[in-house]
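Trainee: I would like a close look at one part of this protein. Please take it slowly and link it to the rest.

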Amino acid sequence: MNLTELEELGLKNIGKVYHNLSYDELIQHELDNGEVKLTSSGATAVDTGIFTGRSPKDKYFVDRDPSNKYIAWGDVNQKVSEEVFNELLEVAREQLSNKDLYVTDVFSGASEASKRSIRFVTEIAWQSHFVKNMFIRPTETELENFKADFTVLNACKAVNEKWKEHGLHSEVFVLFDIENNLAIIGGTWYGGELKKGIFSMMNYWLPLEGKLSMHCSANVGKEGDTALFFGLSGTGKTTLSTDPNRALIGDDEHGWDEHGVFNFEGGCYAKVINLDANSEPEIFGAISREALLENVVLDDDGVVDYDDGSKTENTRVSYPIEHIANHKEDLMAGHPKNIIFLTADAFGVLPPVSKLTKEQAMYYFLSGYTAKVAGTERGITEPVATFSACFGEAFLPLHPTVYADLLGKKIDEHNVNVYLVNTGWTGGKYGVGSRMSIKDTRACINAILDGTIHDSEFDTTETFRLSVPKTLGDINPDVLNPRNAWEDKAEFDKTRDELAKMFIENYKKYQDGEHTDFSEFGPIVES
């Protein structure tokens, strides 16, 4: 590449530049540098250091016009001054100067109308490998004319020793300068910062163009019927969208523009804790050469113990989407026919499947609900409610209602069906009831996708007022209306109302008079 482009970024005395290396070249560099170990499946395995997950409290945007007029400032989107950014930019430049560097050029967004060109600069080979896995790999012809819209300087070996003086959270920094199309990273080696950093930027750029950015998986049937699966971690988003009868568009990040749905990425990033070849054969089979494992435990023969979470429960693998046999090669499809909101309700209150009105869809999209089982501490069995706006609040620079308004317009324009599917508990909350069977969940999903759910007669539940089918295939009718599945009806009513109050309390932040209020389409508790 032209060294002038790196020098224009303020880097000096640059050594060798390893520009857009092939997989074979990158893997050899990783091994020669002692960065990774080779596993028995042919994949490489890396330890990401003390950080085995993202550092959301260390993420900041430069407070500058005009972006500061659009950003929803708060706990998710924190401000940093131009002065502090520029000071840390010098720290990053100093770290990356006088070094051999890995430079990787990729695209985010498969749609020609919406994609961005991204350049990553790092001194570590495996991070270049991670980027190559996770983003869309340009053709040789595209690389010849590549011009970066946005650049990421990953100076992970540098730290901010003046973080207290700067008023920041720690010596780690993940900073975005929107106007100058530049991000800098220091203090953390974790690869997920690279992936989610660009996702945050796509979530800034696209809605301002009237395009919806989404934290969801997507697949498409043989008839061209596209389906979107929204859901927080643990709800089954990746598992349920991986379907032998439908082509996978992508498992995590998508856009929706005037041409349809498109993947932001060119790879998958899957959790592998307790990974089992029988229950998740596609992911297990994808862990071969070119795949990059993170923080797993392996023996002297390179055999991975996927059940060992001693380094972290957040063990992961990145791999090119081509490792999934049944994927959509162009990573795009038409406008969705069905949207599915997934929730793992550990309170056992929500039905296995509900058909939502457009207004209910707005309410549940803004709520972004799931419930997790609290930790692993002995004796703690009570569920914990989690609300994350648009099923991805941590990555939304704009106000959540911006994304919800866009979703509502697109539901209307394309006459999309929206469903809420509970993959959590039935017959009682966690500790009393049982987990919804994957067989029943699959039956709900299949009925949505093949349209047979429309043949059902529907009931309306109390309090949440959700529209649920009275019968659906071979599913026990008592399961379809959750109250019927509980032996203790009084306890169900009490638990249902407790959860409803959590929804109501969480939604109050959207009842500010500035945005359309959809609270009347959520649960109502009779006083």
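Trainee: Which is C216, buried or exposed?

Mentor: C216 is buried, because its relative accessible area is 0%. Buried means under 20% relative accessible area, exposed means over 50%, and partly exposed lies in between (1.4 Å probe, protein chains only).

A word on the source. This is a predicted model, in which local features need pLDDT of at least 70, side-chain atom pairs count only at pLDDT 80 or more, and totals for chains, interfaces and linings use all residues. Residues are numbered from 1 along each chain as its sequence is written, and side-chain values use heavy atoms, with hydrogens and water left out.

Back to the cysteine. The closest cysteine sulfur to that of C216 sits in C390, 12 Å away, which is too far for a bond. Seen from C390, the closest cysteine sulfur is the one in C216, again at 12 Å and too far for a bond. C390 also counts as buried, because its relative accessible area is 5%. Across the whole structure, the search finds zero disulfides. A disulfide here is a pair of cysteine sulfur atoms within 2.5 Å.

T151 lies in strand β8, residues 150-155. Strands (E, at least two residues) and helices (H or I, at least four) are DSSP runs, numbered from the N terminus. T151 counts as buried because its relative accessibility is 9%. Setting aside neighbours within four places in sequence, T151 contacts L9, R119, V121, N181, L182 and A183. Contact means heavy atoms within 4.5 Å.

T151 also lines the second largest pocket, as do L9, R119, N181 and L182, among others. That pocket has a volume of about 290 Å³. Its lining has six charged, three polar and three nonpolar residues. Asp, Glu, Lys and Arg count as charged; Ala, Val, Leu, Ile, Met, Phe, Trp, Tyr, Cys and Pro count as nonpolar; the others, Gly among them, are polar.

Y18 sits in strand β1, residues 17-19. Y18 counts as buried because its relative accessibility is 19%. Not counting residues up to four places away in sequence, Y18 touches H29, D100, L101, Y102 and V103. From Y18 to H259 is 241 residues in sequence and 36 Å in space, C-alpha to C-alpha.

The structure holds three cavities of 30 Å³ or more. On a 1 Å grid over the protein atoms alone, a cavity is a set of points where a 1.4 Å probe fits but cannot get out; a pocket is an open set with protein on both sides within 12 Å along at least five of seven lines; lining residues have an atom within 4 Å of a point. Points are joined across faces, edges and corners, and a volume is the space filled by probe spheres set on them.

The largest cavity has a volume of about 60 Å³. Helix α7 gives the most to its lining, with four residues. Both β9 (173-177) and α7 (192-205) supply at least two. The lining holds four charged, four nonpolar and three polar residues.

The second largest cavity is about 50 Å³ in volume. Its lining includes F341, Y364, F391 and F503. Both β22 (336-343) and α10 (358-367) supply at least two lining residues. By class, this lining has seven nonpolar, three polar and no charged residues.
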